[in-house]
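Here is a short briefing for a first look at this structure. Please keep the sequence and the 3D view at hand.

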Amino acid sequence: MQKKRLTLLVAVVLLAAVMSFAGCGKSGSKFANSAPTIKITSYEGVDTMNQFVLDDDGNQILDDQGNPIPNPFYQSLADLETSTPILFQQSIYWHATDTDGSIEGYAFRLLDESGNPISTPGNRFLDGTGAVTPDNVANKFGVGWILHYNLGANQNIPLDSPDANRTIWSSKKYVTINFPGADANGNPSPRISRFEVIAKDNRGDITQQAAFRVFKTSSAKPTCTVTTTKGNPDGGQVGTGIRLSFSLQDPDPFLQATAWYYEFKVRKFTYPGNQMISTTDWISTSSQPKINQYLLTKYTTPSLSSDYDSAGQQVTYTEVLGRVFDLAGIVSDTLVYNEQGQLIGKSTITFAVKEGFHPRTDIYPQKFYSLGDYHFIDYNDESTPEILPFTIIGGVQRFATPLFKNFENEYTAVHSSNIKVWVRWGWWGEYARVTTGGQEIPVTDPYERKVDKVLDATTNRNYYSEITHFDIRFNGEPYNFVGGYIVTDNDNKRWRRVPTNSPLGQTVVLTNPLIYPGTHTFEVRCVDLQDEVDPNPAVIQFKLESYIPPASRSGILIIDDDQNNATYAPDDVVQEKYEYMLSGYNGTKTFKIRNAESNPGNTFADVRGRNLSLSDLQHYKMVIHHSDHPSNSSTLPRDHDGITMYIQNGGNLLLSGTHLVSSMLDAVVTASQRTLISNLGINYALGSASSVLGSATGIQINPFMQKAVGQAGFSDLYTQYFDEDDPTNYPEATFNSVVNARKGIGIVTYFNNYTAEPIYRLGCKPTSYYSYPPTQAQYDLFNNKVIGLRQVNPNNRCYLLGFPLTYMHKNNAKLMMDKILGEVM
C-alpha cells in the first residue's frame with residue numbers, strides 16, 4: 001500500500017512538470033507580454049495618410065479577390081497642403097490599453113514637415129540626443145520626445161540641464177500643443193506638423209505603433225503694446241528706475257492672448273531734432289521671471305541714463321521699441337497700420353530720464369490703532385469700512401481703536417500686559433480720491449481708492465517707479481524681524497530692509513515686551529526702483545501710560561465744551577462760575593477748553609476727531625463736562641470713547657447741558673454706544689429724553705424753567721436773572737439779556753426713560769406769571785419733569801443734568817457741587 005502511494009505521487013509531479021513546459025497545450029511562453037496599444041481620441045487633425053487599410057503590423061489587408069482595401073479616411077500630404085489650416089493651438093487627447101497589465105506612462109513629440117523633432121512654447125525641452133530616451137523607444141521610433149520632471153525632482157534645475165532629474169514619460173492623458181504657424185522670419189505661414197504619442201506598460205514594453213495626427217495650422221499676426229507698470233509716460237519725465245510692461249493683442253479667435261516672449265530696443269534721440277544717436281540690439285524677455293516685464297535702471301543692462309545736461313536742460317529723449325512673438329512663433333510689426341494702410345501708431349514709448357526723484361513715506365493714522373485691557377471700544381465703529389481686530393471678554397466684543405491724542409498732542413494709550421499696537425504705512429501716491437471727472441487727487445487715506453502710483457516727495461510728479469522695499473526702525477534700532485537684511489546709512493544709522501512682498505507687508509503689530517510703559521518711536525522709509533530712499537523717513541511717536549487705579553487718582557478735570565460767545569457762553573463768565581462752584585474743593589482743578597475749528601482750545605484731536613484720552617482722564621477722581629451753549633451740540637458723542645473707558649475703569653462723571661442733551665443721547669444710541677448710556681442710567685432707546693423747546697430752536701422759546709427742584713437731598717437750583725419781586729432767589733442779572741427779560745429758560749432736556757435716581761425736577765413758571773407765562777397745557781406738560789439724574793454704578797457715579805449750570809445761580813450751583821464732591825471724592 002505504501003509503495004502504491006509513492007508511485008502515484010511521482011506520477012503527479014512528473015505530469016505537473018510536463019504541463020509547465022508544454023503550457024497545457026497552448027503555444028508561446030507562459031511569461032510572454034502583450035504590448036500596449038494607444039489611439040488618439042480627439043477629432044482635429046488627420047489620423048491617416050495611408051491609401052489602404054493596414055493591420056496592426058502595418059501590412060495591407062486584402063479583400064476576397066486579393067486586392068488592397070481602400071482607406072475611406074485617406075488624405076494625402078498634397079491634399080493637406082491645399083486644405084484650410086486650423087487654429088495653431090490644439091488640445092490632443094489619447095487613450096491606451098494593455099490586455100495583460102497596466103499603462104505606466106506616455107511620451108509624445110512633435111515633428112515638422114521634414115520629420116525632424118521640434119519644440120514649441122509650452123513644450124520647450126526635448127531629448128534630441130537620446131540621452132534620456134530608453135533604448136527600445138529610440139531604436140523603434142527615434143529621439144526628440146518631450147522632456148518632463150520625474151516625480152519629486154528639483155524643478156529649479158532647467159529641464160535642458162544634464163543635472164535635471166528628467167524623463168520622457170508622463171502621466172498626462174492629454175496635452176495642449178502650440179503648433180507652428182510662422183515662417184523662418186516670424187511672418188504668418190501655414191505649417192504642417194505631426195504629433196505622435198506612445199505608451200509603455202508596467203513591464204516596460206511600448207506600443208508598437210505610435211498614435212499620430214497631422215495638423216496644418218496657422219495664426220494671425222499679433223500686435224504689441226509697450227508701457228510701464230505705472231502707465232505710459234507719453235514723453236514725460238521718469239526716474240532712473242522703471243519697469244517695462246508689454247502686452248499682446250491677438251486677433252486669433254477663441255484663444256486667450258498669450259505671448260511666447262517679447263523683445264525690445266532702447267534708443268536715444270536728440271532733443272530737439274529727433275536724430276537717433278544710439279540703440280541696443282533686440283533684447284529678449286524670455287529669461288525674465290515675468291516675460292511681460294523688464295526692469296531698467298541706471299545699474300541694469302541695458303541701463304537708463306539721464307536725458308538732461310548738468311545745467312538741467314533736456315538734451316535727449318529715450319525710446320523703447322517693442323515687439324512680441326506669439327505662441328505660434330509669429331512676430332508683431334513695430335509699426336501699426338489700419339485697414340486703409342495708414343500708419344496709426346508704433347509699438348513704442350518715449351520718455352525723458354531725470355535724476356533726483358525720491359519717494360515719500362506715509363504712516364496712515366487711520367490704521368494706527370491699538371487693543372488692550374485699557375484701550376478698546378465695545379461697539380462696531382461705522383466710521384471705518386473695515387472690521388478692526390477684536391477680542392471677546394465676558395461675551396462682549398472689544399475692538400481695536402486708533403490711539404488718542406493727549407493734552408501734550410502725543411499719540412497715547414494706556415498700557416496693559418496684552419496691549420497690541422498696529423502700524424500701517426505706505427507711500428505718497430498709493431491712494432487717491434477720484435473725482436466724478438476721473439481726476440485723481442492724492443490722499444493719505446487708506447480707505448480711498450488704491451491707484452498705486454509713486455509721486456515725487458517734492459514735486460508730486462509721477463515718475464513711473466515702484467516701491468520695492470521698506471526700511472524699518474523701532475526705538476532707535478533696526479526692527480526685529482526674521483526676514484530682510486540690515487542696511488547702514490552714511491551716518492551709521494541702521495535699518496531693517498524688507499521687500500514689499502515680504503510676510504510683513506506694510507503693517508507691524510507691536511506687542512509686549514517690545515512695547516512697555518513709556519515713549520516709543522517707529523520709523524519707516526520707502527525704497528523705489530531707482531534704489532533711492534525717502535530722505536525724510538516717516539516717524540510716529542506714541543506714549544503708553546501705566547494704568548492708574550481709581551484709589552490712586554485725585555483732582556478734578558473740567559472740560560469746557562462751550563464755544564465762546566458773548567451772548568450765550570462767554571468764556572470768562574463760564575470759567576468764573578465753575579471756579580466758584582468748585583471753590584469748596586482744595587485739590588487739583590484742571591480746566592481745559594475743548595478744541596473746535598471755530599473755537600480754538602487746548603486739547604488735540606486724533607484721527608477720529610476725539611479730544612479726550614483715558615491717558616489724561618485717568619489721573620482725575622472726577623471729570624466735569626459742560627456743553628452749556630444753547631446753539632452748539634455737545635461733542636460727547638465724538639469724545640465718547642475716552643469718556644466711556646474712564647467710567648468703565650472707576651471714573652466719576654458730571655455732565656451739564658441744554659435742550660441738546662436729548663439729541664446727544666439719541667446720537668449715542670444711534671452709534672450703538674450702549675455702555676455710556678447704561679452708565680448714565682438711561683434706557684438704551686431713542687427718545688429717552690425730550691427737549692422743552694420741542695422742534696423749535698432759540699433761547700427765547702418756552703422760557704418756563706425758573707428753578708431745578710432738588711430731590712434726594714439736593715437743594716434747589718435757581719435760574720439766574722434779576723427779579724425785583726423775589727430778590728432772595730433771583731438777586732442778580734445774568735449775562736444773557738433774553739433770560740433777564742423773560743425770567744426763565746427753555747433750553748432744557750427732560751428724561752422720559754431712565755433707571756437712574758432723579759435728583760432734579762423742572763420748576764415751571766405759574767400760568768399767572770407776568771412775564772411769558774406758560775399755558776395750562778404747557779405747565780401740565782413741563783412742570784415736575786425729571787431734569788437731573790444720579791446713577792450709582794458698582795465702581796463709579798455719574799450725574800446727568802439736562803440744564804446748563806452756567807445759567808443757574810452760582811451760590812445754588814456751589815451747594816450742589818459740594819454735595820456731589822462729598823459723594824465721590
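The buried residues of helix H11 are Asn 812, Ala 813, Lys 814, Met 816, Met 817, Ile 820, Leu 821 and Val 824. Buried means under 20% relative accessible area, against over 50% for exposed and in between for partly exposed (1.4 Å probe, protein chains only). This is a predicted model, in which local features need pLDDT of at least 70 and side-chain atom pairs count only at pLDDT 80 or more, while totals for chains, interfaces and linings use all residues. Residues are numbered from 1 along each chain as its sequence is written, and side-chain values use heavy atoms, without hydrogens and water.

**Helix H11**
- H11 covers residues 810-824, which is 15 residues.
- Helices (H or I, at least four residues) and strands (E, at least two) are DSSP runs, numbered from the N terminus.
- At 1.5 Å a residue, H11 should span 21 Å, and its end C-alpha atoms are 21 Å apart, so the two agree. The expected span is 1.5 Å times one less than the number of residues.

**Three-stranded sheet**
- Strands S13, S15 and S19 form an open sheet in that order, with antiparallel pairing. Two strands pair if DSSP finds at least two bridges between them.
- S13 (223-228) and S19 (293-297) are the edge strands, each pairing on one side only.
- S15 (residues 241-249) and S19 pair over five bridges. Ser 245 has Gln 293 in S19 as its bridge partner.

**Hairpins**
- S21 (residues 335-337) and S22 (residues 343-346) are antiparallel, with three bridges. Tyr 337 stands opposite Leu 343 in S22.
- Five residues lie between S21 and S22 in their hairpin, where Gly 341 takes a positive phi near 80°.
- S26 (residues 390-393) and S27 (residues 396-399) are antiparallel, with four bridges. Ile 392 has Gln 397 in S27 as its bridge partner.
- Two residues lie between S26 and S27 in their hairpin, and Gly 394 in the turn has a positive phi of about 60°.

**Second largest pocket**
- The second largest pocket has a volume of about 390 Å³.
- Of its 20 lining residues, the closest to the centre are Asp 381, Glu 382, Ser 383, Thr 384 and Arg 608.
- Its lining has six nonpolar, seven polar and seven charged residues. Ala, Val, Leu, Ile, Met, Phe, Trp, Tyr, Cys and Pro count as nonpolar, Asp, Glu, Lys and Arg as charged, and the others, Gly among them, as polar.
- On a 1 Å grid over the protein atoms alone, a pocket is an open set of points where a 1.4 Å probe fits, with protein on both sides within 12 Å along at least five of seven lines; lining residues have an atom within 4 Å of a point.

Conventions. Points joined across faces, edges and corners; volume = space filled by probe spheres on them.
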